[in-house]
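Have the viewer open as you read.

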Amino acid sequence: MSKIEEKQPYGYVDLDLIDTTGAAPDEEPARQHFFMAKCRQFVQERELETGRKQTCFLQTFGCQMNAKDSEKLRGILYEIGYSPAESEEADLVLYNTCTVRENANLKVYGHLGYLSSLKKKNPQMIIGLCGCMMQETDVVEKLKKSYRFVNLIFGTHNIYKFAELLYAVLEGQIKAEQMQPSPLKTNMVIDIWKDTDKVVENLPADRTYSFKCGVNIMYGCNNFCTYCIVPYVRGRERSRRPEEILREIRQLSEDGVIEVMLLGQNVNSYGKTLDEPVSFAQLLQMVEQVPGIERIRFMTSHPKDLSDELIAVMKQSKKICRHLHLPLQSGSSRILKKMNRRYTKEQYLALAAKLRREIPDISLTTDIIVGFPGETEEDFQETLDVVRQVRYDSAFTFLYSRRTGTPAAAMEDQVPDDVAKERFNRLLSLVQGISQEMSKRVEGQTLPVLVESGNDHDPSLVTGRLSNNLLVHFPGTEELIGQIVDVRLTECKGFYYMGTLPAAGEETF
Ligand code: 5AD
Ligand code: SF4
């Protein structure tokens, strides 16, 4: 029987006290299916009581990893019998949180104010919070103290246990209704794990797209960049075994998926900790062999670990997309050292030049942080210099955010906000100008596009992506969604294209 790590004398549901008669199996995933069935009974009872469907709303903050986790959470919610709601006016609201920058946390607190007003109208409403922000002790303490209307808190290591924890909430609610009528002072179920190697396979998932899907190949990060909170909230690096990854991808392919995105904080160090080490390049070659998979993407690559073997595999591949996200963070070797990035400006530039030389049609994108402690105007000029030399196809630019507990937060020479903001604006205008020029590179060509959706603004158009990740809008019908079609790129509109399907028999080049 699982335990809640944090037990308090009042107000916490102790999982040991919950009636699991009919005995929950010890083995996963059977155990979780047992709790899904138990939750389903509750949901059905509530539907009978209220005469309407029970609804859920799941909002994801942050990165692709969280988006992937949310597919799993949504799969469990639907399996339990909740129907999707359009907004937070739902019977269950779950936020899958991010904490990489402070404003991600602030956003969640802002939303919580709104949720408390909704809960006053619907006292049985269940409010759950999970994901990276919940791995921070300070956050959980604050929620325990000042956000007593939250019912469920769990972290990043035990999302597979969602049904079990939700069952504890539902059981606890019934008991609390008899004892404790105030809806704004509920029992909280809190289950945060520090770290785990446990990966539970074969749980339900509700995929956002039928034709493309993210696949976790590894979890956690060992790099400890000095500004970054991720290693503290996602734990140490651990790779999934290639057999498991390939089994999942084969299954996805059988279900109609043609594009996979391999996910990890640093995919280039994939496989190093496996009993039988496998390199990321070797894994890519295995994925290429899976019948039906036509496009392969991956995210994210740490420059210090990007191997020649990977460049060679990408170069000869027809399936690996022409896009590499290669976070720079700073162009100053001095700042890179303080960031613990373990490459210099010169090494990064040499790598980018090699990539452009070996794979000329590759799109290079990046992440850059402005205002890291100690960054001077000279350091910032080095960043601008790298941007001018590499000519990124696009770049995510971030103001440095001080994350409690990271080494950089304790560094003395924090850059004043106004200085950082002013640099940020200069960087943004440089990257945007270059990005527009780079996007133009393929104007007039006819290239394969994976059609992803209809177009919200104009129903006569559909929208898809080039191998290099640029968006293309072109006239077409929704039957094309999920297919790869050749599209003539007629007009570059800055960061995206307008295109047309070539007429039958028209020559493509
Ligand atoms: N402040 C600003 N940006 C950050 N990132 C990570 N931590 C911080 C921070 N403390 C950025 C990095 C990373 C991206 C996902 O978020 O650029 O690559
Ligand atoms: Fe954070 Fe660095 Fe790990 Fe990326 S590689 S998740 S920036 S610590």
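Start with Arg342, which sits in the loop between α10 and α11. (Helices here are DSSP runs of H or I with at least four residues, strands are runs of E with at least two, and both are numbered from the N terminus.) Arg342 has a phi near 65°, a positive value in a residue other than glycine. With a relative accessible area of 48%, Arg342 is partly exposed. (Buried means under 20% relative accessible area, exposed means over 50%, and partly exposed is in between, with a 1.4 Å probe and protein chains only.)

Before we go further, some ground rules: this is a predicted model, where local features need pLDDT of at least 70, side-chain atom pairs count only at pLDDT 80 or more, and totals for chains, interfaces and linings use all residues. Residues are numbered from 1 along each chain as its sequence is written, chains are lettered from A and ligands numbered from 1 in the order in which they are written, and side-chain values use heavy atoms, with hydrogens and water left out.

## Around ligand 1

Which residues are around ligand 1? They are Val100, Arg101, Tyr227, Gln329, Asp367, Ile369, Phe398, Leu399, Tyr400, Ser401 and Arg403. (To be near a molecule, a residue needs a heavy atom within 4 Å of it.) Sorted by class, that shell has six nonpolar, two polar and three charged residues. (Ala, Val, Leu, Ile, Met, Phe, Trp, Tyr, Cys and Pro count as nonpolar, Asp, Glu, Lys and Arg as charged, and the others, Gly among them, as polar.)

Now zoom in on the polar contacts, which are pairs of N or O atoms within 3.5 Å; within protein, one must be able to donate a hydrogen and the other to accept it, and residues adjacent in sequence count only if both atoms are side-chain atoms. A polar backbone atom of Tyr227 is 3.0 Å from a nitrogen atom of ligand 1. Oxygen atoms of the ligand feature too: a polar side-chain atom of Gln329 comes to 2.6 Å from one, and a polar side-chain atom of Asp367 lies 2.7 Å from one. Taken alone, ligand 1 exposes 410 Å², and the protein buries 86% of that. (Those areas come from the Shrake-Rupley method with a 1.4 Å probe; for residues, only the protein chains shown count as cover.) The elements giving two or more residues to this shell are β13 (363-370) and β14 (394-399).

You'll find Gln329 in the loop between β12 and α10 (333-338), and its phi is near 75°, a positive value in a residue other than glycine. Is Gln329 buried or exposed? Gln329 is buried, at 7% relative accessible area.

## Around ligand 2

Ligand 2 has its own surroundings: Cys221, Asn223, Phe224, Cys225, Tyr227, Cys228, Val230, Pro231, Gln265, His302 and Arg341. By class, this shell has seven nonpolar, three polar and one charged residues.

## One side of helix α9

Helix α9 (residues 308-316) has these buried residues: Leu310, Ile311, Val313 and Met314. They cover an arc of only 165° around the axis, so they are on the same side of α9. (The arc is that of the directions from the helix axis to the C-beta atoms.) As a rule, an α-helix has 3.6 residues a turn, so residues three or four places apart point the same way. The cover over the buried residues of α9 includes α8 (280-288), β11 (295-299), β12 (323-325) and α11 (345-358). (Contact means heavy atoms within 4.5 Å.)

Arg322 lies in the loop between α9 and β12 and is buried, at 15% relative accessible area. A polar atom of the Arg322 side chain lies 2.7 Å from the backbone oxygen of Met314, and the side chain also reaches the backbone oxygen of Ile320 at 3.3 Å.

## Cis bonds and a buried leucine

Where are the cis peptide bonds? One runs from Glu28 to Pro29, with omega near 5°, and Pro29 lies in the segment before α1 (30-50). Another joins Met299 and Thr300, with omega about 5°; Thr300 is in the loop between β11 and α9.

Leu306 is also found in the loop between β11 and α9, and counts as buried at 10% relative accessibility. Leaving out residues up to four places away in sequence, Leu306 touches Asn268, Ser301, Ile311, Leu324, Leu326, Leu351 and Leu355.
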